[in-house]
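Open the model in your viewer and keep the selection tool ready. We will go stop by stop.

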Amino acid sequence: MRASEREECRAFALRWTLDAEGAARAVRNQMTACCATLVKRAAVDADDATKMATLGACEREVRAKMESSKGESDAETMGLEVFAAIVSEFAPGTASELGTTWERHEGCRASAEKHFLKPFFAHGCEAARRCVETGRVSDGSDRGACAAALRLMNAVLSWDFNRDVSYGFRGRAFPSSESAANAFVKLTPGMEWRDVLLNPGALDWLFDLHAGAESAVLAGGGVEAKRVAAASRKTLSALCTLSGCVFPPRDADDSLRQGHFVRCARAIAKYLLPAATSVRAALEGHGEDALIDGCRSMSALALVHDANDFASLSLGPELNERTALDLLGELTLECLNQDALSVQCEGTVTDDCLKMLLEAWASLVNKGMSAPGGVETAVPSAVLEGAANISHAYVVAGLKAAREGAHEEDDGHEEEGQAGAAALDARLELAAQVLRAHPTTTLPTLQHVLVEKRNSLPACMASGQDPSELLEELWWLTRLAAHVLADDGDGETPIPPDSLAAASAATAPGAPNCVVELARALIDFGCLALDANARGALSPRLLETVVWALARWADTYLIPEDSGGSLHAAVYAAAGGVRRGADIANKLAENGGGMFSERNGGVEALDALVQIGVKALSDWPGETSLQKTIGFVLFPVLTRRKTLLKHLVNMPSWDALRQACAGAHHERGVVAFPPEVHRGLSECVGRVAASVIDPAQCEAYVNALITPPGEVIAAVSVDREGLHHPEGEARACAALEALRGVVRSTNGKSQPAVFNFFVAAVDHLLNLQTLAKDLGRVMKLLLRLTEEFVEANSPYLNAQQVDWVCRYCLRVVETYAKSGRGAVKSEAGALLSQEAVKEAYKEVRALLRMLTHMSSGNLHDAIIESAPPDQAAALAEQIDIARVVFAGLNAVIPLITDELLKFPKLCRQYFELLAYMLEAYPKKVAQLAPDLFGTLMSTLEFGLKHADETVSKESMTALGALATFQCNSAKTQTIGLGAHMAPNAEGVSILAHLMRLLFHRLVYEEAVFNLVDEAADALLPIILHERPAFQNLASAFISAVADEPRSVDLLQNAFVALTSANGLAEGVDRVNKRRFRRNLADFLTVARGVLRTR
C-alpha cells in the first residue's frame, strides 16, 4: 500500500472506532488495535516530526468528536484506548508483525521513549484528573474515560526503560494491561520523569481517586467502580516499583523519595486496613485482586526502599500515625491467622499473599548486611522485633497446619513428589530468613517447642494414643529448624548465616548459645534412633527428615576446616564487613574455636551422626527413600572434608558401616539396599581411604571394600542362567553399583589397589558384558563403570598403565559393537518402544563419555611424564590414544541416530568429543572413509542448527578446527581434506555449505549473540579458503533487499567491513581471530537489523 492509502485506512479505522458506539466491544477493540498498527506502520518510514504530526492528527480527531457529541459519546474513552494500544505497539516485545526490519522497530521504540511516551502519560493524567474534578467518575457519566486514562498510564509505566539494545536487542517489555510490579521489576524511567511522577501534587489526585474507588467497591459499587479501582491499583503497583535516578541523590535531598514512599504506603493502607476485613473479603471471593495487588505493592516497596522508611515514617493522622511496618505486620499476622499454611489453602489467595509478605520481611531484615566498603546499615529494632513476632506466629500457625494435615489422606507433598518437597522447602527457606532476624528470641522458642514435642513422643507411643498429629508437628519443626540453622549451600562453601554467626560471637562465655542449643536439640532428637525403647516412635518419614536436617546442619557447622572461624571472617570481609568479620572470628576463637569444632564436641557429634545413619540402614529395612537420604545426603556430607575424614577412619561406628557394606554382597538372598544406595555408601566409605596413612593399611582397607562385589562379578560372569534370574541380575547390579562407588572415591592413596583390582577382574567384566547383552540394566552399569574408571584413574597412571587402559577400552567398545545393542536404526526408530530408545541412549552416552575421558589429555600427559625424556615421543606414538578413540567413534557413530540426538545430554557429550577430536587430530579425520566422514559432517550440520547453546558452540569449534586445518593445508600445498572437499549436488564444498548454513542462523534466528565468538572462529578460515562461495553468499543477502537502496548500502558496507575492518589480515592466528570477532559482532548488528523482518 502507498503511504496515502495507509493514511486513509488509519483515518477510517479511527473514525469508525469513535463513531460505532453501538458495535460489539470485541469488534471495537480489534479496530482499535488496527488503528494503532497503522499508526506504527506510518511511523516506520517517517521522521520524528512526521510521527508527532500523525499522533497530533489522531488527537485532533478525538477532540473534534468529543466536541461535536457534547459528551454524549464515548469518543474520549476510545481515543484513550487507541493511545494505549499505540504505546503497546511501539514496544518491540508487543509489536505486531509489519514485515519490516528490527532496525526500524527499534527506531520506533527509541523515538517513542524520547518524544511522546511522557506526553502520553501526561495526557492520561490530565484526562483522568479532569474526570475526577468534574465528578463524572462518581456518577458514572464519564463513560469509562477515567479507567481508560488509567490504562494509558499503566501502558506507559509498563514500558521497558531498562531495555539494552547494544548487543542483540535484549530486554523485556511488559504487556500494557499489566504493571511492571507483577514481576517486581524496578521502574527506572530517569530523572526527566521527576516532574510528572514525584513533584508535590503531581499525582495526589490519583491516590485520592484510588481511595474513593476502593471505598465505592466495598460499598457495593457497580462494574465501572470496580474497573476504576482495578486500573488505579495497577497504577499504584507500578509506582511502588519506582526506583533509580528519578529520585534525587539521598545525600542531597531525600524528601521526594520519602514523600513518594509515604503516599504509596498510605494508599495501600487505606484500602487494606483493617487487615481482617480485607483478608476476609478476599476469602469470600470479592476482594482477591485488591489483596493480591496490595501485598505485591508492599513487597515492591520493601525491595526498593529502606527498612528505616517502614519503621519510622508515619502514614498520617488519619491512620493513627501508624507506619508501613504496622501495615505489613498486621497483614502478615492476619494471613497466618486465616490458616495460610494449611494444605487446603495451598495455592489460594492467602497463600500467595503470605509469600509476598514474607518476601517483604526478608527484604527488610536483609538490608542490614554490610555494603561494599565496610558501610553497615543497621536494621531498625522495630523491624527486628516485628520479625520476631511474625516468627512466633509462623511457628504457631505451622504447627496447627501440621496437626490438621495429619488427618488428610495426603498432605500434597508426596503426591507431587520432588516438586512438592521443593516447593515446601522454598517456602520454609523464605520464612527462615525472617526467623533468623532476631535469633536470640526466635531460636530458643523453636528449640523449646522441638524439645517439648520430642519428649512427648515416647510417652504418646507408650500410652497407645494416635501419634499422627505429633509426628507431623515434629516433621515440620525439624525441617524448619534445618532451614533456620543453615542455608542450602548448593555450589558454595557452607558458612553460618551472618545473623546466627554474630549471635554466637556475641554470646558471653558460659552463657547458653541459642544456635548451639537448637543444634543440640536437633541431634538429641536424631539420637532417638539409637534408643531401643524409643526407636519405635520414629516413623521412616520422620527419621528421613531428621537425617536430612542433620546433614544440612553438619555441612555448615560440624568441625569446619577453619576451626577458629577464619573462613567466615574472610568471606564476610570480602563482602565489606571487615571490622565486623574480624570481631566474629576473634570471639569465636575465644569461645573455643566455634560451634561443634574439634575441641567443642564436634567429634562426638560426628560419631553420633554415623551411628544414627548405620542404625537407620539396619533397623528400617526396605525404606528406600530413607536409605537414599543416608547414602546420598548424610554420609556424603560427613566425608566431604579432610577434618572429618581423619576422625572417621578410627571410629568403630564407621568400621561397622564398612563391614555392613561388604556383608551386603555375601548374601545370595535379596540385596540389603537398592543398587544405587550401594554406590552411594561405597563411595563414602572409599573416600575415607585418603586418611589412612600407612600404604599397606590403605590397600587392605580398599581391598576389604572392593573384594566382596568383585566376588559377585566373578560368580555371575560364568553363570548365564543365574545372571538371567531376577535374583542374579539384582546381585550383579548391586555389585556393579558398589564398584562404581569405589571407583568414584579413587584418590592418590587408593588408586593402586583399585587399578590392580580391574587388571585382575578384566576377564570377568568382559565375560559379564558378553552374557548381559540382553540385560539393559547390567549393560548400562558395566559401561558406566568403565567410563568412570577411566575418568577417576587417568590422573594417576603411568605409560604402561595407559597402554593397558587403551586396550581395555577398545575391547569394551568391540564387545559392545558385537552385542548388537544400541543399534537404533533411524528407519526403525519409530517402531521401537520408548524404553528401548532410552536404554540405547544411556549406553551410547556412557561409551561417548569413556572416549571423551580417553581423549581429554590426561592419558597423553601420563605417557610423557612417566617416560624418559628421550623416549617420551616414541612411546606416545606407540601408544596411539587417537587410534583407539577413532576406532571407538567408528563403532559408536553408526549408533547415533536422530532419536538419540534428541536427548540433550548425549547430544552435548557427542559434540564435545567431536570438537576435541577435530581440533586435536584433524589429519586422522581427513583419513576417514567417505561414508564415515559424511556421517560425521551430517551430525556436525545437525549441531550447527541445534537450539542448545552448548551443542552449537561445540559444533562451531569443531567446524573451526576442520576449516583451519584445510586453510593451513592450502597454504602449505598439502592434501588437507582431499576428496572430502569435492563439490556436492549444489556445486559447493562441505565447508562452503556449512558456512552458508551458519550465516543464515546468525542473521535470522534468535539468541545468537552468545555464539559470536565461536562462530567467528569457525567462519574466518572458511572465508579465507572459500572466497568465491563467500562472495556469492554476500550477493544473495544483498539481493534480498534490492528494492531498498539504503538497506543495500548498509549491507554492502557491512560485508566490506566484515573482511577488512580493525586491521583484519590474511591468517587464522589469535590476533586475527580477535579482530574478526569484533567485525562479526558489528556485522550482525547491521545485518540483523536490515534483513530480519517482523
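Stop 1: Select Val805. Is Val805 buried or exposed? Val805 is buried, because its relative accessibility is 2%, and buried means under 20%. Bear in mind that this is a predicted model. Val805 sits in helix H37, which covers residues 799-819.

Now show what surrounds this residue. Which residues does Val805 touch, not counting those up to four places away in sequence? They are Phe755, Phe789, Val790 and Leu797. Next, draw a distance from Val805 to Thr786. The two are 19 residues apart in sequence, and their C-alpha atoms are 9.8 Å apart in space.

**Stop 2: the whole chain.** Zoom out and switch to a cartoon view. The chain has 51 helices and zero strands. Of its 1094 residues, 55% are buried.

**Stop 3: helix H27.** Select residues 602-619. This is helix H27, with 18 residues. From first C-alpha to last, H27 reaches 26 Å, close to the 26 Å expected at 1.5 Å a residue.

Color the buried residues of H27. They include Gly602, Ala605, Leu606, Leu609, Val610, Gly613, Val614 and Leu617. What covers them? The cover includes helix H23 (514-526), helix H24 (540-557) and helix H28 (624-638). Helices H29 (642-648), H30 (652-663) and H31 (675-687) are also part of this cover.

**Stop 4: the nonpolar core.** Select Trp553, Leu558, Phe635 and Trp654. These are the residues with the most contacts inside the largest nonpolar core, which has 362 residues. In soluble globular proteins, nonpolar side chains tend to be buried together.

Phe635 then contacts Val610, Gly613, Val614 and Leu617, among others. Other contacts of Phe635 include Ile630, Trp654, Leu657, Leu681 and Cys684.

**Stop 5: salt bridges.** Side chains of opposite charge can pair when their charged atoms come close. How many salt bridges does the structure hold? There are 50. Here are some to select.

- Asp195 and Lys118: their side chains meet at 3.0 Å, N to O. The pair links distant parts of the chain, 77 residues apart: Asp195 is in helix H8 (residues 194-197) and Lys118 in helix H5 (residues 102-133). Asp195 is partly exposed at 37% relative accessible area, and Lys118 is partly exposed at 25%.
- Asp524 and Arg454: the closest N and O atoms are 3.5 Å apart. This pair also links distant parts of the chain, with Asp524 in helix H23 and Arg454 in helix H20 (residues 439-462), 70 residues apart. Asp524 is partly exposed at 39%, whereas Arg454 is buried at 16%.
- Glu949 and Lys953: the closest N and O atoms are 3.1 Å apart. Both residues lie in helix H46 (residues 949-972), four residues apart, about one turn of the helix. An α-helix has 3.6 residues a turn, so residues three or four places apart point the same way.

**Last stop: a network.** Select Arg250, Asp254, Arg257, Asp306 and Asp309. Salt bridges link these residues in a network.

Note on methods:
Residues are numbered from 1 along each chain as its sequence is written. This is a predicted model: local features need pLDDT of at least 70, side-chain atom pairs count only at pLDDT 80 or more; totals for chains, interfaces and linings use all residues. Side-chain values use heavy atoms; hydrogens and water are left out. Helices (H or I, at least four residues) and strands (E, at least two) are DSSP runs, numbered from the N terminus. Buried means under 20% relative accessible area, exposed over 50%, partly exposed in between (1.4 Å probe, protein chains only). The expected span of a helix is 1.5 Å times one less than its number of residues. Contact means heavy atoms within 4.5 Å. A nonpolar core is a set of buried Ala, Val, Leu, Ile, Met, Phe, Trp, Tyr and Cys residues joined through side-chain atoms within 4.5 Å. A salt bridge is a side-chain nitrogen of Lys or Arg within 4 Å of a carboxyl oxygen of Asp or Glu.
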